[in-house]
Amino acid sequence: MKTVPKKFADHARYRRKNSEHIYANAEDYKVCSNCLSVGFQRAPICPICHSYRWYYDTEVVKMIALVTEGTVLPFTAGVAPRLRSE
Ligand SMILES: [Zn+2]
């Protein structure tokens, strides 16, 4: 029987919870146009890649939230955080 290691399962739950919050509050977020990280509206630059170009469209934020909801490994970071090291 295949099982998902606990730390990945825990992280998937954590990301799902964050993604649901971001989706429901998309107006509070924006998406980095360079690395697609989700950032807070007040962030001047992307905390991950230091880009200053953003997508402000809430539909883009919602799309990223939906995509990241189902992934464990981060291809985006920022508000939807990377896997925590122990
Ligand atoms: Zn970025």
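Which residue of β3 does Val31 stand opposite? Tyr55 is the one. This is a predicted model, where local features need pLDDT of at least 70, side-chain atom pairs count only at pLDDT 80 or more, and totals for chains, interfaces and linings use all residues. Residues are numbered from 1 along each chain as its sequence is written. The protein has two helices and three strands, and along the sequence they run α-β-β-β-α. Helices here are DSSP runs of H or I with at least four residues, strands are runs of E with at least two, and both are numbered from the N terminus.

**Confidence and overall numbers**

- Mean pLDDT (the predictor's confidence in each residue, from 0 to 100) is 82 for the protein, and 83% of the residues reach 70 or more.
- Among the elements, β3 comes out highest with a mean of 94, while α1 is lowest at 86.
- Of the 86 residues, 27% count as buried. A residue is buried if 20 or more other C-beta atoms lie within 10 Å of its own, exposed if 12 or fewer, and partly exposed in between, with C-beta atoms placed from the backbone.

- The three strands make an open sheet in the order β2-β1-β3, with antiparallel pairing. β2 and β3 stand at the edges with a single partner strand each, so one side of each has no neighbour in the sheet.
- Strands count as paired if DSSP finds at least two bridges between them. β1 (29–32) and β2 (38–40) pair over three bridges, and β1 pairs with β3 (54–55) over two.
- Val31 stands opposite Val38 in β2 as well as Tyr55 in β3. Tyr29 stands opposite Phe40 in β2.
- β1 and β2 form a hairpin with five residues between them.

**The helices**

- α1 (residues 6–24) has 19 residues and reaches 27 Å from its first C-alpha to its last, close to the 27 Å expected. The expected span is 1.5 Å times one less than the number of residues.
- Which residues of α1 are buried? They are Arg15, Ser19 and Ile22. These cover an arc of only 60 degrees around the axis, which puts them on the same side of α1; the arc is that of the directions from the helix axis to the C-beta atoms.
- The face of α1 turned away from that buried side carries Lys6, Ala9, Arg13, Lys17 and Ala24, which are exposed.
- α2 (58–69) has twelve residues and reaches 16 Å between its end C-alpha atoms, close to the 16 Å expected.
- In α2, the buried set is Val61, Ile64, Ala65 and Thr68. Their arc is only 100 degrees around the axis, which puts them on the same side of α2.
- The buried residues of α1 pack against β1, β2 and α2, and those of α2 pack against α1, β1 and β2.

**The core**

- A nonpolar core here is a set of buried Ala, Val, Leu, Ile, Met, Phe, Trp, Tyr and Cys residues joined through C-beta atoms within 7 Å.
- The largest one has twelve residues: Ile22, Ala26, Tyr29, Val31, Cys32, Leu36, Val38, Cys46, Trp54, Val61, Ile64 and Ala65. β1 and α2 are the elements that give two or more residues to this core.
- In soluble globular proteins, nonpolar side chains tend to be buried together.

**Loops worth a look**

- Leu36, in the loop between β1 and β2, has a positive phi of about 65 degrees although it is not a glycine. Leu36 is buried, with 20 other C-beta atoms within 10 Å.
- His50 also has a positive phi, near 70 degrees, without being a glycine.
- Pro44 and Trp54 are ten residues apart in sequence and 9.7 Å apart in space, C-alpha to C-alpha.

How values were computed. Two residues are in contact if their C-beta atoms, placed from the backbone, lie within 7 Å.
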